[in-house]
Amino acid sequence: MNTVRSIFIGALLLTCPAGAQEHRFEADPIVVVRENFVACDVLSQLQRVMDNPRFLLSGECEPLRAGDQVRIYARRGPYFCIYPHDRTSPCKWTHEKALSK
C-alpha cells in the first residue's frame with residue numbers, strides 16, 4: 001500500500017509546477033518602489049546586475065523608478081518577483097531593498 005501511495009504522491013508532484021506554493025499573491029501585494037533600481041526576468045540576471053551594473057545592457061532587465069507601484073507575486077529570500085501595478089506581463093525579480101512596505 002505504501003508503494004501505491006508513493007507512486008500517487010510522486011505523480012502529483014510531477015504534474016504541479018515547480019514552486020507552485022510560492023507563487024501566489026501576498027495578502028497586501030501592492031508596494032511602492034523606494035529607490036531607482038531594476039527588475040530582471042531571471043533571478044540570476046538580477047544578481048549579476050547587482051554585482052556589476054554593466055550587465056544591465058543585456059536587455060533582460062527594466063528600470064524601476066522611485067514612486068512606481070508594483071504587485072508582489074512571489075518571494076524567495078530577499079528577492080521579490082513583481083508585476084508593474086497596471087500590467088500582467090511575466091513577473092520580474094528585484095531586491096527587497098528597492099521596495100517599501
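How many aromatic pairs does the structure hold? The structure holds one such pair, where rings of Phe, Tyr and Trp (its six-membered ring) are paired if their centres lie within 6.5 Å, with planes under 30 degrees apart counted as stacked, over 60 as edge-to-face and the rest as tilted.

Before selecting anything, note that this is a predicted model, in which local features need pLDDT of at least 70 and side-chain atom pairs count only at pLDDT 80 or more, while totals for chains, interfaces and linings use all residues. Residues are numbered from 1 along each chain as its sequence is written, and side-chain values use heavy atoms, leaving out hydrogens and water.

Select Y73 and Y83 next: the ring centres are 5.5 Å apart and the planes stand at 70°, so the pair is edge-to-face. Y73 belongs to strand β4 (residues 69-76) and Y83 to strand β5 (residues 79-84), ten residues apart; strands here are DSSP runs of E with at least two residues, numbered from the N terminus.

Stay on Y83, which is buried, with a relative accessible area of 13%, where buried means under 20% (1.4 Å probe, protein chains only).

Now select A39, E62, L64, V70, I82, Y83, P84 and K92, which line the largest cavity. Lining residues have an atom within 4 Å of a point of the cavity, a set of points on a 1 Å grid over the protein atoms alone where a 1.4 Å probe fits but cannot get out. The volume of the largest cavity is about 30 Å³, taken as the space filled by probe spheres set on the points, which are joined across faces, edges and corners.

Key: Helices (H or I, at least four residues) and strands (E, at least two) are DSSP runs, numbered from the N terminus. Buried means under 20% relative accessible area, exposed over 50%, partly exposed in between (1.4 Å probe, protein chains only). On a 1 Å grid over the protein atoms alone, a cavity is a set of points where a 1.4 Å probe fits but cannot get out, and a pocket is an open set with protein on both sides within 12 Å along at least five of seven lines; lining residues have an atom within 4 Å of a point.
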